[in-house]
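Dear colleague,

Please find below the structure I promised to hand over, together with its sequence.

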Amino acid sequence: MEKSRNSSNHVDLVVNEDNNTKLLRAQAHIWNHIFNFINSMSLKCAVELGIPDIINNHGKPMTISQLTLALLINKNKSHCLYRLMRLLTHSGFFALEKIKIKGEEEEEGYVITEASKLLLKDNPMSVTPLLLVLLDPTLTKPYDVLSTWFRNDDSTPFVTTNGMAIWDYYSHEPKLAQSFNEAMASDARLVTSVLIEKCKGVFEGVDSLVDVGGGTGTVAKSIAITFPQIQCSVLDLPHVVAGLQGEKNLNFIAGDMFVEWILHDWSDENSVKILKKCKEAITKSGKKIGKVVVIDMIIENEKGEIDDESYETQLFMNMRMILVSGRERNEKELSKLFKDAGFSHYKITPILAKVLVPFYPLVGRLRYDNGGRLEINCNLEGVLFMVAETESVMDDLVGCAPTVELLKLTPFIDRSAGVSSFSLLAAQIGGGLESDVAELKVPEFGDVEQGYSSNSYNRLHKHWKLTVRGTNIYRRISIMEKSRNSSSHVDLVVNEDNNTKLLRAQAHIWNHIFNFINSMSLKCAVELGIPDIVNNHGKPMTISQLTLALPINKNKSHCLYRLMRLLTHSGFFALEKTEIKGEEEEEEGYVITEASKLLLKDNPMSVTPLLLVLLDPTLTKPYDVLSTWFRNDDSTPFVTTNGMAIWDYYSHEPKLAQSFNEAMASDARLVTSVLIEKCKGVFEGVDSLVDVGGGTGTVAKSIATTFPQIQCSVLDLPHVVAGLQGEKNLNFIAGNMFVEWILHDWSDENSVKILKKCKEAITKSGKKIGKVVVIDMIIENEKGEIDDESYETQLFMDMTMTLVSGQERNEKELSKLFKDAGFSHYKITPILGLRSLIEIYP
């Protein structure tokens with residue numbers, strides 16, 4: 001629902017969205033995906049600066065000023081550190097808590113979360129080594145050339161950028177290879193801790209094991225220590241195991257096979273060869289019992305068995321495997337591999353993936369928003385878990401009279417501190433009765449039906465169904481956990497143990513590590529012209545039809561499918577059934593969506609020029625050096641990578657400057673169409689206007705055409721307006737000022753100077769009525785007036801502005817600018833999606 005506000009900031013909800021509203025929403029969605037790479041690079045920056053460790057070692061909530069002093073950074077960049085922390089807090093890597101500073105009022109300070117615990121350097125299961133390897137330019141640069149790779153004959157994008165396969169490259173780069181091995185080892189420690197605790201039965205009857213592709217042996221060593229009866233060995237590439245010594249029962253290869261994260265590195269053909277070798281080794285031992293154990297990702301979207309973030313991460317991982325000619329698979333695809341390799345049957349235990357993500361609202365707390373409405377704050381505070389014990393028997397409780405013994409079994413929840421203090425879900429386990437009852441309650445929230453009794457808590461998590469019903473201000477919640485048969489049994493423990501938290505935190509970190517793939521996949525689709533080809537097809541287009549229509553290497557159609565699957569998940573395409581001539585069954589084909597309509601080349605409001613500019617390596621590379629920039633004296637990360645400010649750089653690169661101007665013009669056309677339709681009143685009584693920083697004049701031209709009584713002019717840098725001719729009423733500067741996307745490009749100091757110049761020009765005319773009109777983004781999370789994706793996009797934009805020493809601001813910060821520039825009052829109209837129209841009066 002689109003929001004409109006009057007001058008008192010009232011929110012009206014309009015249900016019948018018109019075309020402009022759809023366009024603005026689609027534009028915001030595209031922007032979010034363009035800037036997704038900032039999530040990855042901001043997290044990398046925080047790790048390189050050591051922020052998680054510094055906050056953790058502080059021992060209590062750490063204010064931004066304390067963090068600035070503790071970090072080895074340029075102290076003049078504290079405002080940019082705040083913006084980095086705001087994004088990372090939104091992303092769940094830090095949380096804010098109140099803390100009293102000696103002699104001062106309470107302030108907010110940062111604390112670490114479950115996710116950032118896995119970024120601590122001393123944590124043996126730290127994801128930091130993996131993060132630094134995966135976000136090293138060596139592994140991110142290939143995604144910049146995806147569209148080039150799709151067209152050429154190289155086996156992988158890594159070959160396109162580096163001239164050789166990734167494993168060959170690592171064999172020539174011992175430092176990178178060591179980092180990679182450390183990354184695999186840290187991941188293996190977490191996996192092994194869960195594996196050994198939850199899946200001991202897997203190793204029953206096993207007396208020998210080979211970890212194929214086992215790296216430095218982290219998994220095999222843990223198994224060898226826990227199960228001394230098993231003879232273990234590690235098999236991997238020569239440069240990986242060079243110099244490693246076996247010990248005790250980690251010394252030879254025989255019998256059963258253990259393959260950890262190895263199949264996804266290879267094509268189907270090579271995976272079958274590996275599995276056949278494993279089977280051969282098993283049967284050679286002469287034993288009747290033997291098995292291959294694989295730890296790998298299973299893409300399972302068809303069954304809807306995982307949450308959206310986890311599924312997205314699986315799709316990211318699948319795109320990542322393009323670098324090694326590998327792939328992630330679903331169960332059907334894995335089943336075919338096993339069958340082709342000669343195996344008779346298999347069993348899947350998803351114990352390393354199934355966490356309580358679908359239940360995350362219930363481990364949060366209630367709170368009131370600024371409008372006084374109750375909402376769920378998903379802060380992962382946890383559930384209330386209680387054990388009630390009594391020596392009584394059931395006869396003592398017959399009739400449930402309010403006896404002392406019965407009260408012992410009644411849970412007490414302290415609600416004195418207010419609605420935000422107690423958990424939404426309480427779990428009580430009774431002990432000592434003839435028939436123990438497991439009871440789950442949602443205090444003051446809803447009611448629960450339970451259908452399981454057990455004789456001990458240790459069996460609670462098996463074979464049970466739970467339905468939680470409750471109503472909040474947005475929707476009715478109905479959650480049922482599935483019980484499954486032994487072929488793929490899911491264990492669900494209500495009081496989440498440490499391993500479950502770790503796995504969920506790990507999945508969250510992975511998602512943010514791979515967020516850059518969202519940006520680069522979208523860029524690849526635009527460069528290949530996929531939106532136009534699908535649109536021009538006129539009906540749903542199958543993957544085989546798309547492969548034939550695209551100028552790509554036809555042997556890469558399976559990778560095109562993976563690209564399209566990710567982009568469909570992201571909302572840029574949709575699947576519809578279509579009849580294929582001569583075929584009996586219908587197939588699924590791709591169609592464009594509201595978002596991809598704005599990626600069509602002939603669309604006058606196309607976002608494509610902006611996308612290609614913002615995802616050009618010239619503008620993405622600076623985010624690779626964020627931590628370096630925080631430490632040095634350069635004014636922006638762009639200066640760090642290019643040696644000069646962005647506007648100076650563009651003045652020396654006419655081709656890039658032209659692309660940038662086209663990008664601004666395409667964006668301006670969409671903004672202007674909404675502005676003129678929805679905000680005509682803004683221009684009443686206006687007889688002259690200057691578009692400051694107006695580029696090639698797209699906005700000013702539209703206004704001049706629609707309002708012929710207004711004399712318009714464009715003011716911008718010399719290389720931008722060079723050669724442009726005025727026409728009719730687009731010819732001179734006077735009176736009222738129009739500033740589109742200009743204040744966010746500058747620091748507070750320079751923004752005040754710009755506004756003072758505007759005010760001076762207005763008052764010089766001698767007219768009593770005059771105003772400055774600004775179109776800019778207003779970060780408004782405090783009021784909860786925008787959805788989560790839009791707020792995240794605003795934070796991305798704010799980080800983007802570090803490239804030009806600018807920033808996005810909230811209303812309080814803008815208000816201060818206007819006051820400092822000598823203006824008396826202002827009016828905000830948030831009619832432009834992520835941006836608002838602001839009228840400022842002298």
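Strand β5 covers residues 208–212, and because 5 of its 5 residues are buried, the strand is largely enclosed by the rest of the structure. Here buried means under 20% relative accessible area, while exposed means over 50% and partly exposed lies in between (1.4 Å probe, protein chains only). Strands are DSSP runs of E with at least two residues, helices are DSSP runs of H or I with at least four residues, and both are numbered from the N terminus. Ser208, Val210 and Val212 point one way from β5, whereas Leu209 and Asp211 point the other way, and all are buried. The strand is joined by 5 bridges to strand β6 (residues 231–235), and the two run parallel; within this pairing, Val210 stands opposite Ser233 of β6. Two strands count as paired if DSSP finds at least two bridges between them.

Before going on, please keep in mind that this is a predicted model, in which local features need pLDDT of at least 70 and side-chain atom pairs count only at pLDDT 80 or more, while totals for chains, interfaces and linings use all residues. Residues are numbered from 1 along each chain as its sequence is written, and side-chain values use heavy atoms, with hydrogens and water left out.

β22 pairs with strand β24 (residues 835–841) in the antiparallel sense over 6 bridges, and Met777 stands opposite Arg835 in β24.

For the chain as a whole, there are 35 helices and 24 strands, and buried residues make up 52% of the 842 residues. The accessible surface comes to about 39100 Å², of which 52% belongs to carbon and sulfur atoms; such areas come from the Shrake-Rupley method with a 1.4 Å probe, and for residues only the protein chains shown count as cover. Among contacts with a separation of 6 or more, 65% are accounted for by residues 24 or more positions apart, where contact means heavy atoms within 4.5 Å.

Axes are lines fitted to C-alpha atoms, for helices over the stretch in contact, and angles run from 0 to 180 degrees between N-to-C directions. A crossing is right-handed if the near helix is turned clockwise from the far one by less than a right angle, and left-handed if anticlockwise. Ala185, Ala188, Arg189, Thr192, Leu195 and Ile196 of α12 meet Thr218, Val219, Ser222, Ile223 and Thr226 of α13. By class, this contact has 6 nonpolar, 4 polar and 1 charged residues, with Ala, Val, Leu, Ile, Met, Phe, Trp, Tyr, Cys and Pro counted as nonpolar, Asp, Glu, Lys and Arg as charged, and the others, Gly among them, as polar.

Helix α2 (residues 36–49) and helix α34 (residues 788–800) pack at an angle of about 65°, with their axes 9 Å apart, and their crossing is left-handed. The contact is made by Asn36, Ile38, Asn39 and Ser42 of α2 and by Glu792, Phe796, Met799 and Thr800 of α34.

A few single residues complete the notes. Ile299 is found in the loop between β8 (292–295) and α16 (308–320) and counts as buried at 1% relative accessibility. Its C-alpha lies 4.5 Å in space from that of Asn330, although Ile299 and Asn330 are 31 residues apart in sequence.

Most residues other than glycine have a negative phi. Lys248, however, has a positive phi of about 50° although it is not a glycine; this residue sits in the loop between α14 (238–241) and β7 (256–260) and counts as exposed at 78% relative accessibility. Ser325, in the loop between α16 and α17 (331–340), also has a positive phi, near 65°, and counts as partly exposed at 35% relative accessibility.

With kind regards
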